[in-house]
Amino acid sequence: MLRKNTENEDTDGCDGDRSAQASRPPDAPVGAVRPAVPRQSAVWGRFLTVSAWPTGAVGAFLAVAAVHRWQETRLAEGVLLADPHPKWWYLTAALAGVVVVGTVLVLICRRVILRRPPARRAFVPARLFLAIAAFDSISRTTDGSSVPWWDFDLLVPLVSASGYTLLAGARQLAVLGRQHLSDTIQSPKDLQSGSYSLYLRSFEDDLPRTALEETEYRAPGPGALLPDLNLSGRTEEEQLAEVLKPVAPMVAVGRPGERLPLVGARRLYLPIDDWQDTVRDLMLRARLVVIAVGPGLGLLWELTEAVRLLPAQRLMLLVPGRETYERFRAATATVLNEAAGRSPGDEVGDSWSPLALPPYPEAEPAGGLSLKGAVYFDDDGSPHFVFFGGGKDRDGHRDRVLVSVRKGLGPILDRLPVWEPGCRPDDSSSGERERKV
């Protein structure tokens, strides 16, 4: 079953449906197909990582300068100034203009030469500029002001939008650098039994899970930019990998054909025509199997195999939301019952019982996390649903996924044995893991 793989999205997107990948010559035998491994550059990765720091520093300077100028012109005691137009402000505005021109040229280059349409986040600076300009033109005090309209209604929004562009760009540069420097797994044989947690998901979830945090509520004015200074530089998947690291480092099957491995879990690339046996073997040797609920028949197959092959306590589901989870739950009930009814005895056991997923709770967790909660199972297969975050835990934006998920999964992960190099998945030794809160 073949499907096309586009550059920016995956039409079906399931982690199990590995057929969305690079093509092979029509005369090549199936067994000759080899996975396409992304081409990384350590030199380019280090350059991007280092470049992120000065880019972010300039963006922070522009953000603070815009706020300072905005306060200067809006406060009553700052309206009539002996020197209302300091030279440094015009130099800052000129720098902001250079940033804007450079950003537009980059977008044109990507669209015309590389034929990559701009992402939706590329228009955030424009929306921020328009919002601040409209807010300033309506709310500013004009009586007796020696500050011209263009200084207040044009330059302040320009510097603010430029500061946002550089701050967001610096975080993206750092992620891109880590993509070049990330370690990939050359072969499943390189993974020792019990040395990893296997992360399975729908491919279409890769983009939101590897996106950076954004300011959830942006008020009018340049001051809305200051919360961006507290945003985390790690993607959601990186923070999830940090939570699971005490159990075992997280490993995922990479989407074939992607230009660079995504950051977070270490990627392993499989041939498009021979992936099910490898994934099944990875499940058996994993200390923990984590499945992010999503669409796709491949993901249902992976859950069926995990339920059939593994003890219940070695399986955990991540829940992105009510609607997605309930659709997945309904499909799972049918698939698992059918599989259990027609499955003959095998090497794992003569019979197995399908697990029942609990309904989504009536309440909703506070916060804007893309992952709402998790489902875990007792030794006897009894399911439990736990929410992430909520309440006073969201006192900032930095690493909010890490803090919220760690609090929700902490008691669950504590039941699992401490990972040590060389230990097996069925190792039942217990211990207390250190967790940073």
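**Helix packing and a pocket**

Modeller: Start with helix α3 (residues 124–139) and α4: they pack at an angle of about 150°, with their axes 8 Å apart. An angle over 145° counts as roughly antiparallel, so α3 is roughly antiparallel to α4. Bear in mind that this is a predicted model.

Biologist: Which hand is the crossing of α3 and α4, left or right?

Modeller: Right-handed.

Biologist: And which residues of α3 and α4 meet?

Modeller: From α3, V124, P125, L128, F129, I132, A133, D136 and S137. They meet F152, D153, L154, V156, P157, L158, S160, A161, Y164 and T165 of α4. By class, that contact has 13 nonpolar, three polar and two charged residues.

Biologist: Now α2. At what angle do α2 and α4 pack?

Modeller: About 55°, with the axes 9 Å apart. Helix α2 covers residues 87–112. The two helices are therefore oblique to each other.

Biologist: What is the handedness there, as α2 passes α4?

Modeller: Left-handed. On the α2 side, the contact uses W89, Y90, T92, A93, A96, G97, V99, V100 and T103. On the α4 side, the residues are W150, D151, L155, V156, L158, V159, S162, T165 and L166. The classes are twelve nonpolar, five polar and one charged.

Biologist: Which residues make the contact of α7 with α8?

Modeller: Q276, V279, R280, M283 and L284 come from α7. W301, E302, E305, A306, R308 and L309 come from α8. That contact divides into six nonpolar, one polar and four charged residues.

Biologist: How many residues line the second largest pocket, and which lie nearest its centre?

Modeller: It has 15 lining residues. W53, A170, R171, A174 and G233 lie nearest the centre.

Biologist: Which helices each supply at least two residues of that pocket's lining?

Modeller: α1 (42–74) and α4 (149–181).

Terms used:
Residues numbered from 1 in each chain as written. Predicted model: local features only at pLDDT ≥ 70, side-chain atom pairs only at ≥ 80, totals over all residues. Heavy atoms only, no water. 1 Å grid on protein atoms, 1.4 Å probe; cavity = no way out; pocket = protein on both sides within 12 Å on 5 of 7 lines; lining within 4 Å. Helix = DSSP H or I, 4+ residues; strand = E, 2+ residues; numbered from the N terminus. Contact = heavy atoms within 4.5 Å. Nonpolar A, V, L, I, M, F, W, Y, C, P; charged D, E, K, R; others polar. Axes fitted to C-alpha atoms, helices over the stretch in contact; angles between N-to-C directions. Parallel < 35°, antiparallel > 145°, perpendicular 65-115°, else oblique. Left-handed = near helix turned anticlockwise from the far one by under 90°.
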